[in-house]
Amino acid sequence: MDTPQGLIVPNIKSVASLSIHEIAAEITRLSALARAGKLSPQNLTGGTFTVSNIGSIGGTYVAPIIASGTEVGILGLGRGRTVPGFDERGNVVRKEVMHMGWSADHRVVDGATVARCAEEVRRWVERPEGMVVHLR
């Protein structure tokens, strides 16, 4: 999160057991604490995977690094932008693109698993309506 004190990374505990609405509520709660400068060490430690969205502050490319001893991976999201691309017939069309940079601790997770995860995330970003089936 971009705060007056700099970028910080609070984490959502037990995120896999939460619904999308509970996750949104926790992000709202943590954001309010961050803006007020009242996050506790518990809010900033113990994460296993980080999603960092530098695109929200204008960044296009990111090369994320794992900075915590408990993390096994990080996904850095860049700013979405429109670029020329080609459709299946070779015609120039408008394409929406967004850079996603991944890092993982290969002592815990192998690169093929990260690549499959990246592909799954790409599909969800390109077709978010597909996530509706999986919402709790």
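In the predicted model, Val 51 has Leu 75 of strand 4 as its bridge partner. Strand 3 and strand 4 are paired in the parallel sense, over 5 bridges. Both belong to an open sheet of 3 strands in which the order is 3-4-7 and the pairing is mixed. Strand 3 and strand 7 (100-104) are the edge strands, each pairing on one side only. On average, neighbouring strands of this sheet are turned by 10° against each other, direction ignored. Helix 3, residues 111-126, packs on the sheet and touches strand 4 and strand 7. The direction of helix 3 makes about 150° with that of strand 7.

A search of the whole structure gave 1 aromatic pair. This pair is formed by Phe 49 and Trp 102, with 6.2 Å from centre to centre and 50° between the planes, and is tilted. Distant parts of the chain are linked by the pair, since Phe 49 lies in strand 3 and Trp 102 in strand 7, 53 residues apart. Phe 49 counts as partly exposed because its relative accessibility is 40%. Trp 102, with a relative accessible area of 22%, is also partly exposed.

The loop between strand 3 (49-53) and strand 4 (73-77) contains Glu 71. Glu 71 is buried but has no salt bridge. The nearest side chain of opposite charge is that of Arg 107, 11 Å away. Apart from neighbours within four places in sequence, the residues in contact with Glu 71 are Gly 47, Thr 48, Phe 49, Thr 50, Ile 66 and Asp 105. Phe 49, a member of the aromatic pair, is thus listed among the contacts of Glu 71.

Note on methods:
Residues are numbered from 1 along each chain as its sequence is written. This is a predicted model: local features need pLDDT of at least 70, side-chain atom pairs count only at pLDDT 80 or more; totals for chains, interfaces and linings use all residues. Side-chain values use heavy atoms; hydrogens and water are left out. Helices (H or I, at least four residues) and strands (E, at least two) are DSSP runs, numbered from the N terminus. Buried means under 20% relative accessible area, exposed over 50%, partly exposed in between (1.4 Å probe, protein chains only). Lys and Arg count as positive and Asp and Glu as negative; His and the chain ends are not counted. A salt bridge is a side-chain nitrogen of Lys or Arg within 4 Å of a carboxyl oxygen of Asp or Glu. Contact means heavy atoms within 4.5 Å. Two strands pair if DSSP finds at least two bridges between them. Axes are lines fitted to C-alpha atoms, for helices over the stretch in contact, and angles run from 0 to 180 degrees between N-to-C directions. Rings of Phe, Tyr and Trp (its six-membered ring) pair if their centres lie within 6.5 Å; planes under 30 degrees apart count as stacked, over 60 as edge-to-face and the rest as tilted.
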